[in-house]
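Subject: Structure for you to look at

Dear colleague,

I am passing on the structure we spoke about, with the sequence beside it, and below it you will find notes on what came out of it. Please keep the structure open while you read.

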Amino acid sequence: PDKATVLAFDLGASTGRALIGEWTEEGGKPKLSVTEIHRFPNDPVWVGKHLHWNILHLVQEIKNGIRIAFKQGYNPETFGIDTWGVDFGLLDRSGELLGNPYHYRDPQTEGLIEEINAAIGQEELFAQSGLQFMPFNTIYQLAAMVKANSPKLDAAETLLLTPDLLVYLLTGQRNCEFTMATTTQLLHPESRAWNVELMDRLQIPSRLFLPVSQPGEQIAPLSAEVCRELGVPPIRAIAVATHDTESAVVAVPASEEPFVYLVCGTWSLLGTEREEPLLTVETMQNAFSNEGGAGGTYQLLKNIMGLWILQECKREWDAGGMSLSYPELVARAEEAEPFRSLIHPDDLRFYSAGGMKERIQAYCMESGQPIPQTPGEITRCILESLALRYRQAVEQLEEMTSASFKGLHMVGGGIQNRLLCQFTANALGRPVWAGPVEASAIGNMLVQLISRGLCKNLPDARKLVADSFDVSVFKPEQKERWEQAYRTYLSIAKEA
Ligand code: ADP
Ligand code: LRH
């Protein structure tokens, strides 16, 4: 065929969206054009002591997205869902969802990194998982449930990671997709198979885990009930690179090798693509992860706290009646005094929700810096600190892989913050190539196209992105000032 239509659902920790992709081939030249058709908030819900995802709201919004696609006259033949990492739902033996999935920022995992490191050994666990020790990793969530003697674990038959769960709720078919599976810390990076021995040692029931499939697996069509409810044909689900980060990496329009990218959204994921994981002690000490990617790759990346810090400040300013849009915050930051105060974004105090402005202020006070007060000062502090953190991560990657990168590819919603892109170029002293914004949704579409035989492989997919979407170039400025700021940053930000 010379035309195809795909539907992508990309669910981030702040919003979910549905996009239509129209692929055409004219005179041997393929093109992809993308239209956003639906966007919805993804707000978690506190119930008692626990923070949950509103999973049925998400199912409903995905159904709305499918309905809207057909109502607007599109005829997608396939759809794919990608989401944030690590979270999951449990099914009972009749196939029903047991309770509401926990949000990865639920406090139940507090203290478990230390406990499990003591039981297994930090180096041993790293060698067996290749992952940065993040409090939200699935392993800690399950260990928390084991510790709490959760009746849900006893009743559970199958664990489905969020995107697999959503596809199951729409099609009835269970699947376990590789890129999400690698965010659990329970998949062995060398054998690329479930680490049953580790599960046994932690009393995590291994019966819950399905065999792992590679991105691109064709799943069932929408169930008859869903088709009837929505009045749509039975379009087929494809298990794409279901982890949003990995979908975004597919859509990085890089042609050079190796390249370094930054997926910039709620989190900042900065990394480089490899064929195999890098399981050295240095990787562990520098707090980098090896996460499974599309096309059999492993992504060596650092999970940086990201724009979450600004998102939280904005949420509290909004709640306090000082409604400031992101463009307004960026404009105020631009006017604020440069390099007045810096934070180490990955200090764990910035991880949980609430009181973010005060935490930033406390950090600045403890490190003997002026205390930022206004939204402009606080936003500037966050953006400069993130840019400097990105430089540190790029330099660590270069050391670890003996690579040398000419510039940084930035994708994701955060690149709408042009000040952050410029700061990043300045901090690096190298160009930043920014685009596309909707990388996760586009990567989701690309894996559907690969699965349908319309696109060959990753290099082909990335060429399609480069040919179809604009990229903005940010050239480094003020080298000396940023060099000096970097030295200040390093002295303040001791590795957390
Ligand atoms: P996620 O997929 O994790 O939900 P996104 O990739 O959508 O996140 O990125 C969300 C972030 O992008 C927000 O936290 C915000 O900082 C930034 N952002 C979104 N829109 C704008 C804008 N118009 N100007 C500047 N920054 C923006
Ligand atoms: C980004 C992301 C990231 C982490 C976090 C939980 O949306 O997927 O890679 O895994 O969410």
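Two strands count as paired if DSSP finds at least two bridges between them. In this predicted model, strand β15 (residues 408-411) runs parallel to β11 and is joined to it by three bridges, and within that pairing L262 has M410 as its bridge partner in β15. Strand β12 (residues 268-274) also pairs with β11, but in the antiparallel sense and over five bridges, where V263 is partnered by L269; β11 and β12 form a hairpin, with three residues between them.

In a regular strand the side chains alternate between the two faces of the sheet. In β11, V260, L262 and C264 are on one side and Y261 and V263 on the other, and all of these are buried, which leaves both faces covered. Because five of the five residues of β11 (residues 260-264) are buried, the strand is largely enclosed by the rest of the structure.

Turning to the ligands, ligand 1 is surrounded by 17 residues, of which G12, S14, G265, T266 and G413 are the closest. By class, this shell has six nonpolar and eleven polar residues but no charged ones, and α13 gives the most to it, with three residues. Around ligand 2 there are 16 residues, with W84, G85, D244, T245 and W267 coming nearest, and they divide into seven nonpolar, eight polar and one charged.

Finally, UniProt, in an unreviewed entry, lists residues 6-250 as "domain: Carbohydrate kinase FGGY N-terminal"; in the model this span is 34% helix and 24% strand, and its end C-alpha atoms lie 16 Å apart.

Best wishes

Key. Residues are numbered from 1 along each chain as its sequence is written. Chains are lettered from A and ligands numbered from 1 in the order in which they are written. This is a predicted model: local features need pLDDT of at least 70, side-chain atom pairs count only at pLDDT 80 or more; totals for chains, interfaces and linings use all residues. UniProt positions are given in the numbering used here, feature names are shortened, and annotations may be inferred rather than shown by experiment. Helices (H or I, at least four residues) and strands (E, at least two) are DSSP runs, numbered from the N terminus. A residue is near a molecule or strand if its C-beta atom, placed from the backbone, lies within 6 Å of it. Ala, Val, Leu, Ile, Met, Phe, Trp, Tyr, Cys and Pro count as nonpolar, Asp, Glu, Lys and Arg as charged, and the others, Gly among them, as polar. A residue is buried if 20 or more other C-beta atoms lie within 10 Å of its own, exposed if 12 or fewer, and partly exposed in between; C-beta atoms are placed from the backbone.
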